[in-house]
Amino acid sequence: MFRRWWFLKAAGPAPTSEHHPSRREIREHNALVLGEWEALRDRLRDLAAERVTTAGAVFRAAELQLPTEESAARRAYQWALEAYEAAGRLLDAAEHRDTDLPDLAAAVVLAEQAVERLAAAHLLHAGQRPGPLVVRCYYNPLHGPAESAAEAPKNRKTRQRAHTTVREAAADRRPACRSCRTAILAGQTPDVLPALLPAKAAPGRKGPVLVPYFAVPRQWSPWSTTACGAYDPATPALVLRGDYRKRKPS
């Protein structure tokens, strides 16, 4: 969905001692950043609406009536319902002036996880054991599932000779989908999910700037350390309480 060059195009050069952007350059740069951000937000809002609608159809077709004694299935089903409701709340707030790309990404994540957990509830109801939720790509939780590193050699001598390169270590640092992992191994920037950082939070800048979503300080975004809620099972409750919206500097 996103292009690897957005941060190069939208960030622009920071002021230096040799060059101070003119007011016209600053206006043009700010318009470029906001234009790129609005285009990405429109696309992501459409994606979130599609995922929430799909989840709603799945819930209507696979509703469960669980007896009290099926506690595990009931917990999974309740979590799925709350995740679906939370995804809808985030989507409803899409036009709010403080809604950023990670908020809409979280709506997608929650809608998809709601369907996953609903399937788990059905398996538990049938007496089967469901697998864990899909581990999502840290760099962009809208990507495919994270890909594990290649299995370490089992032969002791071979394992002793194995050497992890700097790029391999970087690729293994965070869960990454195949595309992002391949980019890191090639020394490239992965296709990260951007967020809009206000001017006051970007030292040396005269306007807002697009940054990787995980670069936004956690006091301004609950999504920066949880892959837009993908790594935190308490996310549905957080959204339903309204605690996900944190005040950023204007």
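This is a short chat about a predicted model of one protein chain.

Q: What kind of model is this, and what are the pLDDT cut-offs?
A: It is a predicted model: local features need pLDDT of at least 70, side-chain atom pairs count only at pLDDT 80 or more, and totals for chains, interfaces and linings use all residues. Residues are numbered from 1 along each chain as its sequence is written, and side-chain values use heavy atoms, with hydrogens and water left out.

Q: What is the mean pLDDT of the chain?
A: The mean is 83, and 77% of the residues reach 70 or more. pLDDT is the predictor's confidence in each residue, from 0 to 100.

Q: Where does it stay under 50?
A: Over residues 4-14. The model has 28 contacts there beyond four places in sequence. A contact means heavy atoms within 4.5 Å. Residues 150-154 are also below 50 in pLDDT. That stretch has four contacts beyond near neighbours in sequence.

Q: New topic. How many residues does helix α3 have?
A: Helix α3 has 22, residues 71-92. Helices here are DSSP runs (H or I, at least four residues), strands are E runs of at least two, and both are numbered from the N terminus.

Q: How far does α3 reach?
A: From first C-alpha to last, 31 Å. That is close to the 32 Å expected at 1.5 Å a residue. The expected span is 1.5 Å times one less than the number of residues.

Q: Which residues of α3 are buried?
A: Among them are A73, A76, Y77, W79, A80 and A83. Further along, L90 and L91 are buried too. Buried means under 20% relative accessible area, exposed over 50%, and partly exposed in between (1.4 Å probe, protein chains only).

Q: How many residues are in the largest nonpolar core?
A: That core has 63. L44, L90 and Y139 have the most contacts inside it. A nonpolar core is a set of buried Ala, Val, Leu, Ile, Met, Phe, Trp, Tyr and Cys residues joined through side-chain atoms within 4.5 Å.

Q: Which elements supply residues of this core?
A: Those with at least two each include α2 (23-61), α3, α4 (101-125), β1 (194-197) and β2 (209-212). The largest share, 12 residues, comes from α4.

Q: What is Y139 in contact with?
A: Leaving aside neighbours within four places in sequence, its contacts include A170, R174, C180, I184, L193, Y213 and F214.

Q: You mentioned C180. How many disulfides are there?
A: The count is zero. A disulfide is a pair of cysteine sulfur atoms within 2.5 Å.

Q: Is C177 buried or exposed?
A: C177 is buried, at 5% relative accessible area. C180 is buried as well, at 0%.

Q: Let's move to α4. What does Q113 touch?
A: Q113 is in helix α4. Not counting residues up to four places away in sequence, Q113 touches W79, L133, R136, G229 and A230. Q113 is buried, at 1% relative accessibility.

Q: And where is G131?
A: In the loop between α4 and α5 (156-161). G131 is exposed, at 56% relative accessibility. G131 and A120 are 11 residues apart in sequence and 7.7 Å apart in space, C-alpha to C-alpha.

Q: How many salt bridges are found?
A: The whole structure has 10. A salt bridge is a side-chain nitrogen of Lys or Arg within 4 Å of a carboxyl oxygen of Asp or Glu.

Q: Which residue pairs with E95?
A: R45 does, with the closest N and O atoms 3.0 Å apart. The pair links distant parts of the chain. E95 is in the loop between α3 and α4, R45 is in helix α2, and they are 50 residues apart. E95 is exposed, at 58% relative accessible area.

Q: What about R136?
A: R136 forms a salt bridge with E112, the closest N and O atoms being 2.5 Å apart. R136 lies in the loop between α4 and α5 and E112 in helix α4, so the pair ties together parts 24 residues apart in sequence. R136 is buried at 7% relative accessible area, while E112 is partly exposed at 23%.

Q: Which residues are linked with R136 in a network of salt bridges?
A: E50, R51 and E112 are linked with R136.
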